[in-house]
Structure formats: C-alpha cells, structure tokens
Amino acid sequence: MAKKVVATLKKEGGRTYAKVIKAVKSPRTGAYTFKEEMVPTDLVQDTLKK
C-alpha cells in the first residue's frame, strides 16, 4: 500500500502541522481511495503506522 506525506506545513497556535495522504485499498471493489489528514509533525510516523 502506497503512503505519502505532503510537506504542506501550517503554524497554528505554536504547533506545526503536516498533511498526510494515504492510499487505502477497498476490500470490496479493490479500488484505491485517498484519505487525507492534518496531523502535528511529531505524530506523522504514528499516523502512517495505523
């Protein structure tokens, strides 16, 4: 499964955020969809492990 982190960083309230984009394969159809999340940069690796 392909995973990608886009280096779009924003500063809000003193924290730096990154936009995480994951390719998720549907078990029913086999098609890929993309799930996007804004997460703090220190939690990016934990988010990708899920």
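What is the mean pLDDT of the protein chain, and what percentage of its residues reach 70 or more? The mean is 81, and 72% of the residues reach 70 or more, where pLDDT is the predictor's confidence in each residue, from 0 to 100. This is a predicted model, in which local features need pLDDT of at least 70 and side-chain atom pairs count only at pLDDT 80 or more, while totals for chains, interfaces and linings use all residues. Residues are numbered from 1 along each chain as its sequence is written, and side-chain values use heavy atoms, with hydrogens and water left out.

**The whole chain**

Begin with the protein chain in a cartoon view, where the secondary structure comes to 1 helix and 3 strands, in the order β-β-β-α from the N terminus on. Helices (H or I, at least four residues) and strands (E, at least two) are DSSP runs, numbered from the N terminus.

Buried residues make up 20% of the 50 residues, with buried meaning under 20% relative accessible area, exposed over 50%, and partly exposed in between (1.4 Å probe, protein chains only).

Next, select β2 (residues 15-25) and β3 (residues 32-40). The two strands run antiparallel and are joined by 9 bridges; strands are taken to pair if DSSP finds at least two bridges between them. Along this pairing, Val 24 stands opposite Thr 33 in β3, and Ala 18 has Val 39 of β3 as its bridge partner. The hairpin has 6 residues between the strands, and Gly 30 takes a positive phi near 85° there.

**The salt bridges**

Show the charged side chains now, since the structure holds 2 salt bridges, each defined as a side-chain nitrogen of Lys or Arg within 4 Å of a carboxyl oxygen of Asp or Glu. In one of them, the side chains of Lys 19 and Glu 36 meet at 3.2 Å, N to O. Lys 19 lies in β2 and Glu 36 in β3, so this pair ties together parts that are 17 residues apart in sequence. Lys 19 is partly exposed, at 26% relative accessible area.

Glu 37 and Lys 35 form a salt bridge as well, at 3.9 Å, N to O. Glu 37 is partly exposed at 25% relative accessibility, and Lys 35 is likewise partly exposed at 45%.

**The nonpolar core**

Then select Ala 18, Val 20, Val 39, Val 44 and Leu 48, which together make up the largest nonpolar core, 5 residues in all. Such a core is a set of buried Ala, Val, Leu, Ile, Met, Phe, Trp, Tyr and Cys residues joined through side-chain atoms within 4.5 Å. Both β2 and α1 supply at least two residues of this core.

**Helix α1**

Move on to helix α1 (residues 44-49), where Gln 45 lies. Is Gln 45 buried or exposed? Gln 45 counts as exposed, at 54% relative accessibility, and its C-alpha atom is separated by 9.9 Å from that of Val 20, 25 residues apart along the chain.

Thr 47 also lies in α1, but it is buried, with a relative accessible area of 6%. Not counting residues up to four places away in sequence, Thr 47 touches Val 20, Lys 22, Glu 37 and Val 39, contact meaning heavy atoms within 4.5 Å.

**The last stop: Pro 40**

Finally, centre the view on Pro 40, which lies in strand β3 and counts as buried at 12% relative accessibility. With its neighbours within four places in sequence left aside, Pro 40 is in contact with Arg 15, Thr 16 and Tyr 17. The C-alpha atoms of Pro 40 and Val 20, 20 residues apart along the chain, are separated by 9.9 Å. Looking again at the whole chain, 25% of the contacts between residues at least 6 apart in sequence join residues at least 24 apart.
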